Amino acid sequence: VNVGGDVTSGLFIKSIIPESPADKCGELKIGDRILAVNENSLENASHEKAVNYIKTANNRIVLVVQSLERNTNPMVLQKKVPPPVTPSKTPEVEYIQDGKPKKEPVAAPEDNKTLTVPKARQESTDSENSSDDEEDSRELEGKTFTKAGVEIDRASAGNTKLGEEDVEEEDDYGYTMKKIKKRYSALGEVDCCTILRDSNETCGLSLCGHRDRTRMACLIAGINPKGAAAGTTLVVGDEVLEVNGTVLHGRCHLNCSVIIKNLASPTLKFIVLRKKTSPEDLAVKPVKQFPTDFDYTGTSSLGIMIIEGKHSIAGQGIFISDIQEGSTAEKSGLKIGDMLLAVNRDSLLGCNYESAAGLLKKAEGVITLKICNPNKEKETDNKANGEAGGAVGPGTTPNKKKPETLAPSRAGTPHGTKPEASPTKEVVDPLKAPINENEFTVIDILAEGKPLGIIVAGGCDSLVKSGAAVMDILPQSVVEKDNRLQIFDQLVEINGFKVNNTCTSESIKRAVKQLHPKVRLVVYRANPPPTETVEVDLMKKPGKNLGLTFRAGNPKGIVITGLVPGGSAEFDGRIQVGDVVSHINGDSLEAGGIEQCASLVKTAQGKVGLRILRPKLKERSV
């Protein structure tokens, strides 16, 4: 579960990775608010603290969440329902229990008692007529019904009590402009807009939060010109206060998105707050590019190659890296650089390469792809400025400043006639990705539960600081057969384990030795390799040895595989396991056989000079 939120208003589920434990449990939804993890309250907890609770939990994790679905799951034991903010009332904070059958006791905090928080109430500063005072004393929590029998929030403008007769006829949600203005006029200019949509049509709105992270708000960041909201009075920057009698004022935009999507009515009544400074309050830049749907029947190959990459504006995602000439994709207008957002109703946001490829392979019949091109706006700007609008090479990025991004591999020359600018370096499957110099590369190695067969040096308690490097590759090993890793390649991540200057040598070795069917590595190959040469002199007494065990055959020399306790090498303290000895008393050991190297080591007497080659790493992270 990717958790997002702000430090004062709560933590919310931003996305759920397909086929993950959170997805398989079927209870969690995007937009749910997480209140506790294994009885650890997340009230006022930071994002980092919440993530730490989840990461350090055992195999079983118990989450207490606040769901915004109308039909609340009775299995949720505790839920916090903060009332929406209105001009005439300060919100009350309390804990309630979801309903359960009477025969089954409801689990509660300590001593099986319902946990309650004293209500915090402030006296209203409004000095209007007596009807306001009467309304302020009314219960504004929970649900009620309008005259038309439609269920709405008690705090909705449709439930506002007027002191005088309203000549305007109420709609199904109890709205009249007089009620709306009475409820929200203290906030500023308000407007009511009606959106008519088909049964399967979305509103075509892009929502975002407030740029001030201490404020919970839902603002309109973009309006799709082909969507149902196009042509209405809604404008970018409007703050959504209510939709169909459901109060959204004071809620996170992720919650609001879930609520709006769950509304089944083809008619949506939006009440919005409009300020002159509203566009400046957006947490993101106004959205001008919107996804389009592409349908095809899966009787033939679609003809696309996908990558997992990162765009400087759109962020991490799944992109089209190549299109087969004459394929269905080319005929349908798909372009290199298009970002795949969904396959049928399965979102690809937050998916890795394997999940996205799996969804595409198992899709059958008529398949709908949701696609956007984050480069389209830039191309339009270039044409408007009189710049050349021709083809852009597949290896370029649309930014002047090239960002440092993950690049699993490079793809071949695109088959499309006029390829668009790709959002990232063209890549292929990480199982086949070559390791590129002076950049981060993600590779997958099919280990099939066998050891990788590499010797690694590094750790904060070793002589190789700030990372870990490959020092030797054993013959006939998994890595040698894979034939991509090289000596002195820096390992930045090992199956999600981040290697930094706080990791010990033992923790790094443990990560390397773990057995997995497939191992994912993030590798950085510097050219030239950053190394340092250390000269070490050891005294070898007659009848004694140096106290070293080593492996020959390395192209750089012999690799130290062990130090004999009490031996000269261990006592000296300047040699460690993983060091490469390139020369002994001036004689080269590079690519030497075991007999030759063993003879040179054994016959050396008295003062023995060793030239040690050791990586000099910089801390790197992605």
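This is a short talk on one predicted protein model, going from the whole chain down to single residues.

Good morning, everyone. The mean pLDDT of the chain is 75, and 75% of its residues reach 70 or more. Among the elements of the chain, strand β13 has the highest mean pLDDT, at 93, whereas strand β6, residues 79-80, has the lowest, at 36. There are also stretches that call for care: over residues 1-8 the pLDDT is below 50, although this stretch has 30 contacts in the model beyond near neighbours in sequence. Over residues 383-427 the pLDDT is again below 50, and here the model shows 104 contacts beyond near neighbours in sequence. Where pLDDT is low, the predicted coordinates should not be read in detail.

Let me now describe the chain as a whole. In its secondary structure we find twelve helices and 33 strands. Of the 622 residues in the chain, 44% are buried, and the chain exposes about 33,000 Å², of which carbon and sulfur atoms supply 50%. If we take the contacts between residues at least 6 apart in sequence, 63% of them join residues at least 24 apart.

For a closer look, please find helix α5, which covers residues 253-261. Which residues of this helix are buried? They are Leu 254, Asn 255, Cys 256, Val 258, Ile 259 and Ile 260, and the buried residues of α5 pack against strands β2, β11, β13, β14 and β15.

One of those strands, β11, contains Ser 206. Ser 206 counts as buried because its relative accessible area is 19%, and the cut-off for buried is under 20%. Leaving aside residues up to four places away in sequence, Ser 206 touches Leu 219, Ile 220, Ala 221, Gly 222, Val 287 and Phe 290.

Next, the cysteines. How many disulfides does a search of the whole structure find? The search finds zero. Consider Cys 192 and Cys 193: the closest cysteine sulfur to that of Cys 192 is in Cys 193, but it is 7.4 Å away, which is too far for a bond, since a disulfide needs two cysteine sulfur atoms within 2.5 Å.

Finally, I would like to point out some details of the backbone, each of them in a loop. In the loop between β27 and β28 we find Pro 528, and a cis peptide bond, with omega about 5°, joins Asn 527 to Pro 528. Asn 483, which is not a glycine, has a positive phi of about 65°; this residue sits in the loop between α9 and β25, and it is exposed, with a relative accessible area of 65%. Ala 591 likewise has a positive phi, near 60°, in a residue other than glycine. The loop that holds Ala 591 runs between β32 and α12, and Ala 591 is exposed, with a relative accessible area of 54%.

Note on methods. Residues numbered from 1 in each chain as written. Predicted model: local features only at pLDDT ≥ 70, side-chain atom pairs only at ≥ 80, totals over all residues. Heavy atoms only, no water. Buried < 20%, exposed > 50% of the residue type's maximum accessible area, 1.4 Å probe, protein only. Helix = DSSP H or I, 4+ residues; strand = E, 2+ residues; numbered from the N terminus. Contact = heavy atoms within 4.5 Å. pLDDT = per-residue confidence, 0-100. Areas by Shrake-Rupley, 256 points an atom, 1.4 Å probe, with all protein chains shown as cover.
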